[in-house]
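Reader: Could you take me through this structure slowly, one question at a time?

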Amino acid sequence: MNFDVTSRGDDVSNGIAGHIRDELKGHGLTFNKEKPEVVISVGGDGTLLEAFHEHKHRLEDTCFVGVHTGHLGFYADWQPEEVDKLIIHIAKTPFQVVEYPLLEVVVRYHGEKNDSDRYLPLNECTVKTTEGSLVCNVEIKGEVFETFRGDGLCISTPSGSTAYNKALGGAILHPSLASMQIAEMASINNRVYRTIGSPLILPEHHTCLLKPLNDVGLQLTVDHKSFVHQDIASIQCRVATEHVRFARFRPFPFWKRVKESFIGD
């Protein structure tokens, strides 16, 4: 079996990553950064996000598993002291594959060429302006739902609902739900302007289309990546047909992770 190991880059993570790489090669597995069947991420959820985007072109053939050397581990559930147990699991035992939905974001631009870019966030996409407020029509299933005015919008996956979305007051969704969530950032609501003011959760067969109305540059983030564009005509968001695949060697209860991360014992 081919595998890859990624590291956050600090000394502890690099040491653990090197140990995993050497041990798995000793068990007869092949270190292959181009076509891995399993990617072991050592660091935090940010490290796993980077590994996901590095291998997103072959999601049907790649599973991810994370060792966390940081604080939060929604994607990375293995502790450093459990690494040798994880190595034996990867080398010797079949593993269960758990699939979670992703978000598809298609950005279309003004101009004769009708150029577009397609992104696959694992956590979320955010839309803001480089100056002033974001003013855009929010269309759902082809109908104008509202005209949003405010700092921006966050469109998240269920597995990303515990990240930026939660900080904006969004709901936490179980990552198995095929859906996406739209959360507002400081919307303007008064007698003249009005938005729904609550997060919206859309099922997989619904599409959300954002159409900017003011002539300003837009800043888009896709997980840890950021882009600035001046000529965006629309941003289409929906549940992607692709899934992220995680290798499971033991139970990994989602609500237990939520409790440990945000409530404690």
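Author: Let us begin with the record, keeping in mind that the model is predicted. The unreviewed UniProt entry lists Asp45, Gly46, Asn123, Glu124, Arg149, Asp151 and Ala186 under "binding site". These residues are spread over 142 residues of sequence and are also spread in space, up to 31.4 Å between C-alpha atoms.

Reader: Is Asp45 buried or exposed?

Author: Asp45, which the UniProt entry lists under "binding site", is found in helix H2, residues 45-54. Its relative accessible area is 16%, and because buried means under 20%, Asp45 counts as buried.

Reader: Which residue in S10 is the bridge partner of Glu124?

Author: Strand S8, residues 124-129, is mostly covered, with five of its six residues buried. S8 and S10, the latter made of residues 143-156, pair in the antiparallel sense over five bridges. In S10, the partner of Glu124 is Ser156.

Reader: Which residue in S14 stands opposite Thr129?

Author: S8 also pairs with strand S14, residues 218-222, in the antiparallel sense and over five bridges. Within S14, the residue opposite Thr129 is Leu218.

Key
Residues numbered from 1 in each chain as written. Predicted model: local features only at pLDDT ≥ 70, side-chain atom pairs only at ≥ 80, totals over all residues. Heavy atoms only, no water. Buried < 20%, exposed > 50% of the residue type's maximum accessible area, 1.4 Å probe, protein only. Helix = DSSP H or I, 4+ residues; strand = E, 2+ residues; numbered from the N terminus. Pairing = 2+ DSSP bridges. UniProt positions renumbered as here; feature names shortened; annotations may be inferred.
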